[in-house]
Amino acid sequence: MVKLYPSLLSTDFLNLQQELNALEDAGVDGVHFDVMDGQFVPNISIGLPILDAVRKGTNLPIDVHLMIEEPEKYVEYFAMHGADMISVHVEATPHIHRVIEQIKAQHIKAGVVVNPGTPIDAIKPVIKMVDYVLVMTVNPGFGGQSFIEDSIEKLDQLSSIKQQMNLDFEIEVDGGINNETVESVIAHGATMLVAGSYFFKQDDYKQVTKQLKG
C-alpha cells in the first residue's frame with residue numbers, strides 16, 4: 001500500500017503536539033520535514049530546533065527534505081537530531097554521490113530529489129545507492145502550488161528503471177497532491193505521497209488519510 005507523509009510545512013505550529021497526536025491517530029506513515037535556506041529555494045522554513053521538538057513529540061518516522069545549498073555540511077546534524085530519512089537535491093551539490101554516502105553512513109534511509117526542470121538522467125549515477133527518489137511535482141519553495149502534469153512522465157521513467165535494473169527504491173511525490181491528482185501518481189508508480197496544504201485544510205485527518213492512501 002502507498003505510504004503517506006503529511007508535510008509539516010502546512011501544520012499548525014502553535015499546536016504542534018496536538019497536531020502530531022492527530023497525525024498518529026489518523027494512521028499516517030510518517031511526517032515530511034521541509035528545510036529551506038532562502039538560497040537554494042526562495043523561502044526560509046524550519047530547522048534543527050523544530051526537528052528536536054518533532055522528534056520528542058512523536059514516534060512517527062521523520063522524512064527530512066533538504067532544500068538547501070551544500071547539504072553535505074548539514075546531513076549529519078539532521079541525522080543526529082532525529083531524522084529517519086534524508087533526501088537531498090541533485091541540483092544542490094556537485095558531490096551528490098558523496099552526500100548520499102554521508103547519509104547512509106548515519107544508518108538512515110537516503111533519498112535523491114529532482115526538480116521539475118531536471119531530467120531523471122541526472123540521478124542515474126546514484127540511483128542504485130538510494131532508498132527513495134523524490135520527484136518534485138511543483139517547483140520547490142512554497143506550499144499550495146498546482147501539480148505539474150509533465151511530472152507523470154518522470155514517474156513512468158522511474159518505474160521502468162526499477163523494473164529493468166531490478167531495484168526496489170521507493171518513488172516519492174511532493175507537490176499538489178490532493179483528491180484529484182493522487183490516483184494518477186499512484187497509477188504511474190508512486191509509492192510515497194507528500195501532502196501539505198490539501199491535507200491540513202481538512203477537518204478530519206483520518207478521513208483524508210484514508211482518501212489519499214486509497
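Biologist: Where does K3 sit?

Modeller: K3 lies in strand β1, where a strand is a DSSP run of E with at least two residues, a helix is an H or I run of at least four, and both are numbered from the N terminus. Please keep in mind that this is a predicted model, in which local features need pLDDT of at least 70 and side-chain atom pairs count only at pLDDT 80 or more, while totals for chains, interfaces and linings use all residues. Residues are numbered from 1 along each chain as its sequence is written, and side-chain values use heavy atoms, with hydrogens and water left out.

Biologist: OK, and why does K3 count as partly exposed?

Modeller: Because its relative accessibility is 27% (buried is under 20%, exposed over 50% and partly exposed in between, with a 1.4 Å probe and protein chains only).

Biologist: What does K3 touch, leaving out residues up to four places away in sequence?

Modeller: K3 is in contact (heavy atoms within 4.5 Å) with D29, E170, T191, M192 and L193. For D29, which is 26 residues from K3 along the chain, the C-alpha atoms of the two residues are separated by 5.7 Å.

Biologist: Switching to the sheet, in what order do the strands run?

Modeller: The sheet is open and has 8 strands in the order β1-β8-β7-β6-β5-β4-β3-β2, with parallel pairing (two strands pair if DSSP finds at least two bridges between them).

Biologist: Which are the edge strands, then?

Modeller: They are β1, residues 3–6, and β2, residues 31–36, each of which pairs on one side only.

Biologist: What about the helices, at what angle do α1 and α2 cross?

Modeller: Helix α1 (residues 16–26) and helix α2 (residues 48–57) have axes that come within 10 Å and cross at roughly 50°; axes are lines fitted to C-alpha atoms over the stretch in contact, with angles from 0 to 180 degrees between N-to-C directions.

Biologist: Which residues make that contact?

Modeller: From α1 the residues are L16, Q17, L20, N21 and E24, and from α2 they are A53, V54 and G57.
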